[in-house]
Amino acid sequence: MDTVINNFDEIVVRRNTYSVKWDGGKMLEKMGLTKKYDENTIPLFTADMDLPVPQSLVAALHKAVDHRIYGYSIFPDEYFESIQSWFKKRHDWDIKKEEIVYSPGTVHAINMAVRAYTEPGDGVIIQRPVYPPFTAAIEKNNRVVMNNALLPDDDGYYRIDFEDFEEKAKEESTKLFIMCNPHNPTGRIFSKEELEKLSDICAANKVIIIADEIHGDLIRCNQVFTPIAKVAKSTDHIVTCTAINKTFNVAGLHCTNMVIPNLALRNKFTDTMGHQMASPFTIAALIAVYNDGEQWLEELKEYLDGTMAMVKEFIDEHMPKVKIAIPEGTYVMWMDFSAYGLSDEEIHDRIYNKANVLLQMGNNFGEEGVSFQRICVPSPRSIIKEALERISREFADL
């Protein structure tokens, strides 16, 4: 790697910048996440980073701002070429231009896919504990959750229950599988063999796969991520969500790109979603980061690896009852507090009210998350260390 140029230890103050994470106290109270939110709160609950973006992105956005006109925008050829080049170079995945469909966000895309490919009452497979908007996209659209729960071992490593998955896929009402890979919150990166088996089962039972792969670039430096569309025997039943939002910390720019090889599925999706246009800032950002963001990403990955090692070392030394594993991918860590014998309410009170740290309750990810907490760690290490020290003090008497 070239000389390190990014200082991820720098603290960038985000209060009073319209940040959900740092300014969203009233919203968080309404959601029931916390009753305490003040200037001393450390929020580590939401999946965006407190780390500055690549300088090439800043320059691209300045150029767009300085133009002084922000009208309706087209997707230039360079937009699609940047996507194609990135995924070919990073993942050896060949994507055709016509397969790419823009969506203003991944949660939006998943909701549109549920509506496009299923009818009310149809079954949709998910793998809990899993990102809560998956459940919401199913239930709020009057579809039925088919839970193929991931199975943890004693070390917190989760595996797929393929027997149960195939049983659910074979049910006549099952039409869709929403997959999360790398998996949020467990951090699993599914192997080529697992992905091929999932694809084969779904293809045999005419189940469409919505593959949420937006954390696919955020993997540990010793890991390899493989898009499911690369290993599937056929991609006619696969719709993939990709995004710069997580990789480059631009969730506020709303930029998801779906890859839908099958024309009929592509038309169904676009007809359901309707016409969507991106802002000139979104277009400029994607081109900038996919063309010039690779060194930044490699430095970010090394920083996240170091942070996660620090978190595990701290937990093992100061809170040994908490089980935590370094995930294969994502920038979230999944903490098991069950050995304390406390209720979720008691765990919540010690962390959220007494320590004044906001994590995310594990039971939001399904009943498999009871006694767990999800912590998002892409912040300067000094902030993470302070949060851990506060939490450990509240559990020192147990």
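Select Phe8, Trp86, Phe87, Trp93, Phe248, Tyr290, Trp296 and Tyr303: ring pairs link these residues into a cluster. Rings of Phe, Tyr and Trp (its six-membered ring) pair if their centres lie within 6.5 Å; planes under 30 degrees apart are stacked, over 60 edge-to-face, the rest tilted. The count by this rule is 20 aromatic pairs.

This is a predicted model: local features need pLDDT of at least 70 and side-chain atom pairs pLDDT 80 or more, while totals for chains, interfaces and linings use all residues. Residues are numbered from 1 along each chain as its sequence is written, and side-chain values use heavy atoms, without hydrogens and water.

Zoom in on Phe8 and Trp296. Their ring centres are 5.9 Å apart and their planes at 75 degrees, so the pair is edge-to-face. Phe8 lies in the segment before helix H1 (20-23) and Trp296 in helix H12 (residues 294-318), so the pair ties together parts 288 residues apart in sequence. Helices (H or I, at least four residues) and strands (E, at least two) are DSSP runs, numbered from the N terminus. Both Phe8 and Trp296 are buried (under 20% relative accessible area; exposed is over 50%, partly exposed in between; 1.4 Å probe, protein chains only).

Next, Arg381. Its charged end sits over the ring of Tyr303, 4.1 Å from the centre (CZ of Arg or NZ of Lys within 6 Å of the ring centre and within 35 degrees of the ring normal).

Now select H8, residues 192-204. Glu194, Leu195, Leu198, Ser199, Ile201 and Cys202 are buried. On the other side of H8, Glu193 and Ala204 are exposed. Finish at Lys206, which follows H8 and has a positive phi, near 55 degrees.

Definitions and conventions:
Expected span 1.5 Å × (residues − 1).
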